[in-house]
There are 2 protein chains.
Amino acid sequence: MPKRVDPTERRTLIADALMRVAAQRGLEAVSLRHVAAEAGATTGLVQHYFGTKDEMMLFALDVVSGHIGERMSSAVNALGPEPAPRDLLRAMATQLLPLDEARRADGRVGLAFFAYAATRPDVAEVQRRGSVGLRDFFATLMPLPAATTLLALVEGLALYMLTDTYPAQTALAVLDEFLDSVFSPAAGRP
Amino acid sequence: MPKRVDPTERRTLIADALMRVAAQRGLEAVSLRHVAAEAGATTGLVQHYFGTKDEMMLFALDVVSGHIGERMSSAVNALGPEPAPRDLLRAMATQLLPLDEARRADGRVGLAFFAYAATRPDVAEVQRRGSVGLRDFFATLMPLPAATTLLALVEGLALYMLTDTYPAQTALAVLDEFLDSVFSPAAGRP
DNA sequence: CGTTTTACATTACAGTCGTGATGCGAAAAT
DNA sequence: ATTTTCGCATCACGACTGTAATGTAAAACG
């Protein structure tokens, strides 16, 4: 048999191609053939590593959450030890905003998956778990209602940034204003 | 020739069928044949009123914004004359949340269109105009930054409600808390 | 009344889709 | 050295897509 191969590596290779296709041409353009072509391979390879298209999609969704997770931890690590809760939350929340091309691509894929999940209960379940987990972590640093608000607010800002409705500057200002209202309430009062 | 027909009426009939399909099976299931079947007609009819599929989609997007607009004005009218800004904003904002099946259906379609717009600049432009118009109206009743925040927050809440991540009760509590923070700032301070 | 125009149905076409089957060379296992 | 098994390519299938072409019945118009 041919050289033994790490299947996870191949799967990530395919999933990366999928995400390039999805980010550039939308999730509806994600077909076995397009993904295979983008990966420089054949549909046979894709089929070999993912029995069905849905399996491939699920795996790609995991990759996206993986990206977000990685960005969050490295942003948090960059803060040094014992960061203030406000800084920590800001660092994590901004990882959900499409502030550069990489995050923008992931954001487009994530949005596409949101729509995709509307008809796939199992996909929706994966997303739900991710969101709730994140909110619960936020809630260790601020009151639960504020954590809920923060997550929804950031997600909404990301949505509007993706459609170029709000520029990054506006989104960041909104985010900072909200964090202010939580961490230094009514600072400008007599 | 056959009985003269109001083309707008026919187009809305088709668009309604489109939205039923999209709400139930996702926007990816929206094909000329499925829409035609849902409308109890043939693809020929659809082709007669929409030269191309994209035209049909654009029209359907208009219908969705029309629905939202109608809901908003009737909710506002129900408030009676000279409503308080806070009540007005709350009445309008809640029309963007999927609080019943009708709004949920529109929400799913709207979300699908968000993803659809990611690859269609003209669709994105339509959405942008709607969002900015709404935000600017909000801004006549509250400071501009708060208006921006409100819209993003509501959109994010809607997203999470659509995936059943947050229940209606939570979303409404978050919304009310935010409105409180704008209209009765720091009420609980010494 | 005849003609033209409108509303829609039917069918055809070329392309893409997901999936299953099959083939085949290379390397690991024996 | 031979057999087995893995990695991947290739091809075929039926279903589905958007669009164009064509047909047809009916009512408006001259």
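1. In helix α8 of chain B, the residues B:Ala146, B:Thr149, B:Leu150, B:Leu153, B:Val154, B:Leu157 and B:Met161 meet a set of residues in α9(B). On the α9(B) side, that set consists of B:Ala168, B:Ala171, B:Val174, B:Leu175, B:Phe178, B:Leu179 and B:Val182. Contact here means heavy atoms within 4.5 Å. Helices (H or I, at least four residues) are DSSP runs, numbered from the N terminus.

2. Helix α8 of chain B covers residues 144-162, and its axis lies 10 Å from that of α9(B), at an angle of about 170°. Axes are lines fitted to C-alpha atoms, for helices over the stretch in contact, and angles run from 0 to 180 degrees between N-to-C directions. The two helices are therefore roughly antiparallel, a term used for angles over 145 degrees.

3. The model is predicted: local features need pLDDT of at least 70, side-chain atom pairs count only at pLDDT 80 or more, and totals for chains, interfaces and linings use all residues. Residues are numbered from 1 along each chain as its sequence is written, chains are lettered from A and ligands numbered from 1 in the order in which they are written, and side-chain values use heavy atoms, with hydrogens and water left out.

4. How many salt bridges are there over all chains? The count is 24, a salt bridge being a side-chain nitrogen of Lys or Arg within 4 Å of a carboxyl oxygen of Asp or Glu. One of them joins A:Asp176 to A:Arg90, at 2.6 Å from N to O. This pair links helix α9 (residues 168-183) of chain A with helix α5 (residues 85-94) of chain A, 86 residues apart. A:Arg90 is partly exposed at 28% relative accessibility, where the class runs between buried (under 20%) and exposed (over 50%), with a 1.4 Å probe and protein chains only.

5. In chain B, B:Asp176 forms a salt bridge with B:Arg86 at 2.9 Å, N to O. B:Asp176 is in helix α9 and B:Arg86 in helix α5 of chain B, so the pair ties together parts 90 residues apart in sequence.

6. Chain B superposes on chain A by a rotation of 180° with 0.0 Å of shift along the axis, at an RMSD of 0.1 Å. This is the relation of a two-fold axis. The superposition is by least squares on the C-alpha atoms of residues with pLDDT of at least 70 in both copies.

Definitions and conventions:
Parallel < 35°, antiparallel > 145°, perpendicular 65-115°, else oblique.
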